[in-house]
Each structure stands twice: as structure tokens, then as C-alpha cells.
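Please keep the sequence beside you as we go.

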Amino acid sequence: MANTPRVFPDITKEEIKDGISEMLRAIYRTNIEKASGRQIYNALAYTIKEYLSDRWIATHDFYNEDDVKVVYYLSMEFLIGRFLGNAMLNLSAIDVAREVFEELGVDLNLIEDAEPDPGLGNGGLGRLAACFLDSLSTLGYPAYGCGIRYHYGIFEQHIENGYQVEKPDNWLKYGDPWGVKREDYAVEIKFGGTVNAHKGDDGEYHFVLENYRSVMAVPYDYPVVGYKTNMVNTLRLWDAETTDLFKLNEFNEGNHERAVEEQTLARILTEVLYPADDNVAGKELRLKQQYFFISATLQRVLQRFKQKHNNFSELPDYVQFQLNDTHPTLTVAELMRILVDEYYLDWDESWEITRKACAYTNHTIMSEALEKWPIELFSRLLPRIYMIVEEINRRFCANLIEWYGNDPGKIRSMAIVADGQVRMAHLAIVGSHSVNGVAAIHTNILKTQELKDFYDIYPEKFNNKTNGITQRRWLAHCNPGLSKLITKTVGDGWIKDLDQLEQLKPFAADPAFQKEFMSVKRDNKVRFSNYIKKTMDFSIDPDSIYDVQVKRLHEYKRQLLNIFHVIDLFNTLKLNPNLDIAPRTFLFSAKAAASYRRAKLIIKLINSVADLVNKDKTVDGRIKVLFVPNYRVSVAEILIPAADVSEQISTAGKEASGTGNMKFMLNGAVTIGTLDGANVEILEEVGEENMFIFGMTAAEVLELTRSGAYSPWNLYNLDFNIRYVLTTLINGTLDAANHDLFRELYDAMLNGYGGARPDEYYVLQDFAAYKQAQTKVDAAYKDRGRWARMAIMNTASSGKFSSDRTIRQYAEDVWNAKPISIV
């Protein structure tokens with residue numbers, strides 16, 4: 001089509017002032033002098049959203065008019081972070097807004113802080129999805145992010161008496177200025193019921209779901225603004241509403257619960273992310289959530305496709321579904337259902353379309369994350385979907401028999417339905433044209449170990465796409481001091497081409513640049529120190545090493561190894577008070593799943609150690625320990641720029657990739673870590689002289705596990721330091737009133753607990769190597785010139801880890817998608 005170029009002028013100070021004034025008057029019946037910080041934030045948010053709306057409309061008009069291929073990134077999580085600052089950065093509006101608020105006598109930073117973090121994710125999976133959306137818009141690829149509009153997120157973490165306490169994260173309490181409700185796109189989602197065959201308009205019998213319960217899925221659209229581009233993609237989050245507001249007849253007949261049952265179903269469906277699944281009701285709710293947003297997305301996508309096309313075989317040319325881990329795997333079966341049951345396509349044609357339209361990203365080799373659903377639950381909740389999955393499984397198993405003969409063991413291990421379970425990872429692999437890992441080592445493990453049988457029959461499907469992060473949020477937005485220094489030194493091209501940071505390498509040994517770089521780092525440490533003093537009333541020394549481990553709490557991530565080292569260092573200082581060490585602040589932050597008892601006990605341990613260390617007069621502040629509660633994007637944006645040491649210490653072979661390691665690296669932190677996940681590729685980029693690598697390799701972990709020869713008791717008996725650390729857990733040092741408080745952790749290390757192997761994640765096996773690496777960290781930090789050079793080299797070597805690179809690879813290798821320009 002012929003396009004007339006459109007000009008989208010930059011927003012002016014007058015437009016911002018007038019917009020805020022008008023919004024305050026219309027929404028709150030007040031003015032700037034009387035308005036609260038939250039009211040001013042909402043007014044500014046509405047003003048910025050109104051300003052970008054022309055680009056948003058133009059983007060989707062272009063999609064429709066030019067009939068472009070669109071990527072649908074399907075994810076249970078989008079840890080999007082605050083909208084306002086990122087939107088203003090990408091729209092080049094921050095400086096103008098700052099001038100406006102200076103003239104108004106209002107601190108813009110305080111206004112930005114009034115925005116709650118959207119409770120839409122938990123960890124790296126959701127943050128990766130958010131980074132990808134930023135890159136998709138910046139690079140010009142038409143895309144939607146599709147997920148759920150959780151009302152209360154996963155939870156707001158409080159620490160009470162050292163324990164994690166979960167409370168509702170009511171991020172929508174004061175409104176939702178960024179969301180646009182699209183009631184015109186609402187669709188019905190059906191659960192339960194019975195499946196019967198009825199003759200259709202074509203004279204053939206087709207399966208129909210009857211006697212079901214249902215809710216309406218209503219989309220809320222959120223803008224995803226590209227950096228200095230006209231493209232505004234959409235994050236579409238589905239909320240649930242009842243199909244029948246109130247059954248008055250049922251109520252009047254005394255059936256009070258039945259009168260509101262659909263209201264109850266709709267209300268609980270989108271309340272929280274990852275409801276505890278250690279009970280049947282929790283498992284059922286999780287499965288409902290997954291089907292809810294997948295069915296809603298697919299129904300809407302196919303409605304849109306039908307507006308311009310009659311031939312469904314063309315669907316993969318215009319639509320690509322990217323499955324972000326196993327949670328969206330129902331896409332495979334639901335797409336088959338819609339094509340077969342609603343559009344009357346035959347099975348083989350539908351299967352060909354489905355496989356071409358779906359691609360699967362595997363994010364883990366941890367067994368609990370490779371979802372499996374009990375057949376009893378799956379078939380009761382989604383009876384037609386279960387029939388389709390069984391048919392996919394029957395045909396796949398028939399192929400296995402052709403390829404391998406009648407080998408029951410092989411079929412049982414690879415089947416989609418087996419041992420009373422539906423295996424979602426297997427369904428995703430069989431039903432997709434692409435299966436990718438998220439770091440080179442992770443993809444290799446999938447090919448050679450965890451998914452080897454599938455790689456043997458589908459080698460063409462498997463590929464690697466190492467994760468990445470967006471430098472717009474994780475440097476330009478969260479670290480303005482370093483951003484200005486980099487731009488002054490090498491220009492601002494790095495904001496859209498992170499490889500340009502390579503130009504900093506010649507400055508790594510320049511004393512003048514080192515001084516500026518480390519001055520920015522100290523300013524960031526002071527900023528974080530002030531934040532901690534304000535929010536926790538705790539003082540930390542900005543001249544100490546900020547040693548940081550922030551990530552989801554899981555045993556394989558080995559927060560336990562870190563805190564064991566802290567205990568060991570404390571014990572050493574008690575025995576040798578004159579030990580010469582650089583002052584160090586050990587910073588932890590992590591949420592543990594509500595039902596993950598041992599992870600929550602580790603949080604209690606960290607806080608108990610903090611209480612012990614921080615009050616000890618012998619230590620005298622040379623080491624401090626702090627657990628920062630309720631880790632979220634806005635906290636990360638303050639903490640990551642302040643970090644000196646990045647703890648990436650998972651058991652080798654367990655972490656798929658990690659993205660926190662990349663964020664810390666980009667901001668000049670030096671990594672101490674194992675050869676796991678993306679650490680391997682970070683080492684290749686930055687060099688071993690700028691990183692502290694320790695511990696077993698993935699191959700060594702596998703060999704030791706298979707041999708069965710590992711005995712943590714041998715380490716306990718031969719290593720005084722290990723023995724002293726473990727004894728500290730149970731001798732009353734940490735809790736004089738309850739010596740057995742941490743007995744479970746002690747037993748888990750030496751004897752195994754709950755059926756697990758002793759020291760399942762090799763904390764004690766890697767302890768001595770970790771301690772040695774930490775000694776090297778101390779020595780390097782004392783050499784200020786060396787440390788500055790290492791920090792600069794980390795920032796300068798981080799170009800590979802931009803999500804822009806990852807998205808380009810997906811677009812070229814998996815989606816066959818082309819970037820466009822909005823004119």
C-alpha cells in the first residue's frame with residue numbers, strides 16, 4: 001500500500017503541563033498545588049499514554065492494512081516493571097518532564113516512585129518476557145505479549161521475625177492508568193462439561209462441549225513503546241468476568257451458592273500468579289489459568305485472521321505463537337480444537353498448521369518445571385482438550401513404534417500421556433516446529449541428556465537462543481550516571497546497538513576514566529544505602545564491597561552456599577579478630593514459593609545469620625548481612641547499579657541461562673560463579689581475568705551423580721571449616737531457644753531429607769573452591785586499579801547479551817518475521 005509519512009512530534013513542556021492539569025481536574029477535581037503524589041503520577045501517566053496513543057493506533061492500523069505477520073509471545077509472566085519511566089525514556093520525554101516538574105517545584109523521582117510495580121511476574125521468566133517485548137518494539141517486529149492480568153501478583157513479601165510472610169500484592173488498588181479495557185474482544189472460556197458428537201452444517205459429525213461452566217475473558221491492552229521509533233506494540237492481559245452477573249432465580253429458590261458460582265469462578269481465576277499447587281484445588285486453578293489465557297488468545301487471533309483470510313493453511317505465514325516455557329503448551333491442543341471443531345478442518349491439515357505456527361522455548365531442566373498434569377484432573381477440567389491430546393499421543397506413539405519397534409520402555413519414556421500424567425514438555429516438543437534452549441550449555445544438555453530421545457528424532461527442531469536483556473531499562477533508565485559517562489565517551493549508539501560498548505575497552509586501563517567510572521559506582525552505592533536507610537532503617541557502608549545475590553529462592557541457586565560462606569567468615573573473624581579483609585556487605589533478596597518450606601527456611605537462616613553478624617562487637621561492622629524484602633523490578637533498578645560482586649553460584653548444569661548475571665555485568669559488577677547457564681558465555685566474552693570462576697563443571701556434576709560415590713560426610717570429617725559451619729546450624733548459636741530450628745538444613749546436607757540425596761546440589765562439594773574464589777575477590781577489590789579495570793571490562797564486554805540480538809535470532813531462525821517501519 002502507499003503510505004503517507006506521518007510525523008509524531010516530541011511532546012512539549014506545555015503539553016505535559018496542560019495534560020497534567022486537565023487530568024487532575026477531570027479525574028480528581030483538584031489542581032497541582034493540592035494533589036497528592038499518587039494523583040500527580042496518575043495524571044502524568046494518563047498524559048503520556050494519551051500522547052503515545054496516536055503511535056499506538058498507527059501501529060495497529062499498519063498491521064491490519066499491510067496484513068503483516070505478527071508474533072504472539074505467550075507467557076504466564078510479564079515482569080514488566082513500572083511503565084512511566086521506561087515509556088518516557090523511549091519517547092525521549094524524560095528531560096522535558098524533568099524540566100516541567102522543576103518549574104512546578106515537584107520532585108519527578110517521587111512521582112515515579114508513586115507507581116506500583118505491576119504484579120505480573122516472579123522471576124527471570126517474566127523479566128525476560130518483558131525485555132523481549134521492549135526489543136520487539138524497538139526493532140520494529142509486530143508482536144503481542146499475551147498473558148493474565150493478575151489482581152494480586154504472586155504476593156507481597158514481608159519479613160516477620162526472620163520468616164517470609166506472604167500478603168496480597170494489590171497493585172491495582174489505586175487504578176490502572178496504562179490499561180485499556182477492550183470489551184469488544186471478549187471471548188467465552190469453557191471448563192468441564194461433557195463432549196458429544198453432533199452433525200454439523202457440513203453433514204459430518206463434530207464434537208461439541210455441553211453442560212460446561214464458563215467465564216468471559218476480557219482483554220486489557222498495555223502499550224509497549226519502542227525506543228525512538230513510532231512502533232507501539234501491545235501487551236494483552238486477559239481478565240475474567242462472569243457470563244451471568246447474578247442468577248436471581250437460583251437465589252430466590254434458596255440455592256445461594258449456585259447463584260454466584262460463576263462469579264466466584266471468574267473472581268478467583270485471575271487473582272494470583274502461581275497459586276500454591278501442593279493441593280488439588282491449587283493444581284486445578286493453575287491448569288484453569290493456563291487454559292484461560294491460551295484459549296482467549298487463540299480465539300481472538302483466529303477471529304482476526306478470518307477477517308482477511310479464508311484459507312487456514314496460510315495461518316503460519318501471518319501468525320507465530322512463541323511458547324515461553326511449558327505453561328502455554330495448551331496452545332497446541334487448543335489450536336487443534338478450534339481448527340477441527342469450529343472451522344471443520346480435517347486432522348492432518350490442522351496438525352500441519354499447528355506445528356508450523358507453534359515454537360517452544362525450554363527454560364529449565366528442573367523436573368518440577370517440566371509440567372505434568374494428572375489425567376484425572378486434566379480430563380475432568382478440559383475434556384475435549386484431553387481427547388485431542390490423547391489422539392496426538394496415539395499418533396506419536398504409532399510413529400515411535402515405526403521408528404524403534406515395539407519398545408515399551410522407549411514409548412513409556414517419550415509418550416505425551418503415560419503413567420497417569422499428561423506431560424506438557426513432550427506435547428510442546430511434538431507440536432512445535434522449533435525447540436530452543438536459552439544458553440549454549442543449556443541447549444547442549446537438552447540435546448545430549450534431558451531431551452536426547454527427542455533430539456534424536458527431531459534434530460532439525462533444536463536450536464539455541466541465548467537470553468538477553470534490554471539495555472534501555474537495565475542501563476539507560478536504571479543507571480543514568482553510567483549512561484551519561486558512556487555516552488560522553490563513545491556516543492549514544494549503544495542504546496540501540498549494545499555491541500558499541502566494545503569501544504570502552506581501550507579506556508579500561510585509563511586512570512582518569514577509571515576514576516569517573518568508580519565515582520559513578522560509588523554514587524549508585526550511596527543511592528542504594530540511602531534507600532535502605534529510608535525503607536529499613538539499616539545502615540550500610542558504601543565503601544564496603546556490595547556482594548549481591550538476588551534471584552528466586554531455590555536450592556539449586558544455592559543461596560545456602562553463600563550464607564554458609566558468611567557463617568564461615570564470621571567464625572574465622574571470631575577466631576582471628578585481626579584478619580585483614582575488605583569490609584563487605586552481603587545483600588540477599590529473593591521470594592520463595594509459598595509452599596516451598598525449605599526455601600522459606602533458608603530465608604529464615606539468612607535473617608538469623610544477619611542478626612548474629614550485625615550485632616557482634618568483634619566483627620565490628622567489617623561484614624554485614626542484609627535480606628532486602630519483596631524483591632521486584634523497582635528494587636533491582638536501584639540495587640543492580642550499586643553492586644560490586646554478582647553471585648551466580650548455581651550448581652553447574654541446573655541453571656538454564658539466567659539474566660540477572662547479564663544485568664549485573666552490564667552495570668559493572670564482577671561475577672563470581674560456576675560454569676553454568678550464560679556464565680559460560682559471559683566468561684567467553686569478558687575473559688577469566690575479569691571473572692571469578694569456581695566449582696565443578698556440569699560434566700563433573702553429572703559424573704559424580706551417576707557414580708553414586710559422593711559422601712558429604714567425608715567432607716565434614718576432613719574439613720574443619722565445613723564442620724564448624726554445619727555445627728553452627730544446630731548448636732544454639734543462631735537460636736539459643738531452639739537448637740533444632742535449622743536441623744532440616746543440617747540433615748539435608750549430610751543425610752538427605754524428604755527422600756532427596758544428601759547435599760543434592762553439592763553445596764559442600766563446592767564449598768572450599770567457593771571460599772578460595774571469595775578470597776580472590778577480597779584481594780582484587782583491595783587493588784583499586786585492578787578492580788576498576790575488571791568492572792569496566794565487564795560493562796564493555798556485555799554487548800552480546802542484549803535482548804535485541806536474541807530477538808533478531810528468533811525472528812530470522814524461528815519466526816521468519818520481518819521488521820517494519822510505522823509511517
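Predicted model: local features only at pLDDT ≥ 70, side-chain atom pairs only at ≥ 80, totals over all residues.

What does strand 12 pair with? Strand 11, residues 319-324, runs parallel to strand 12 and is joined to it by four bridges, and within that pairing asparagine 324 has threonine 361 as its bridge partner. Strand 12 also pairs with strand 16, residues 434-437, again in the parallel sense and over three bridges, with alanine 359 standing opposite serine 434. So, when I speak of pairing here, I have in mind the backbone hydrogen bonds through which strands of a sheet pair, whether parallel or antiparallel.

If you follow the chain from strand 19 through helix 24, residues 597-615, and on to strand 20, you trace a right-handed β-α-β unit.

Now for some antiparallel pairing: there is an open sheet of three strands, in the order 13-15-14. Which strands form its edges? They are strand 13, residues 372-374, and strand 14, residues 417-418, each of which pairs on one side only. Strand 13 pairs with strand 15, residues 421-423, in the antiparallel sense over three bridges, and the bridge partner of tryptophan 373 in strand 15 is valine 422.

Let me finish with the cysteines. How many disulfides does the structure hold? The number is zero. Cysteine 397, accordingly, is in no disulfide, and the nearest cysteine sulfur, which belongs to cysteine 358, lies 20 Å away. Cysteine 478 is likewise in no disulfide, the nearest cysteine sulfur being that of cysteine 131, at 11 Å.

Are these two cysteines buried or exposed? Cysteine 397 has a relative accessible area of 13% and counts as buried, because the cut-off for that term is under 20%. Cysteine 478, with a relative accessible area of 2%, is buried by that cut-off too.

How values were computed
Residues numbered from 1 in each chain as written. Heavy atoms only, no water. Pairing = 2+ DSSP bridges. Helix = DSSP H or I, 4+ residues; strand = E, 2+ residues; numbered from the N terminus. Right-handed = clockwise from strand over helix to strand, strands pointing away. Disulfide = S-S within 2.5 Å. Buried < 20%, exposed > 50% of the residue type's maximum accessible area, 1.4 Å probe, protein only.
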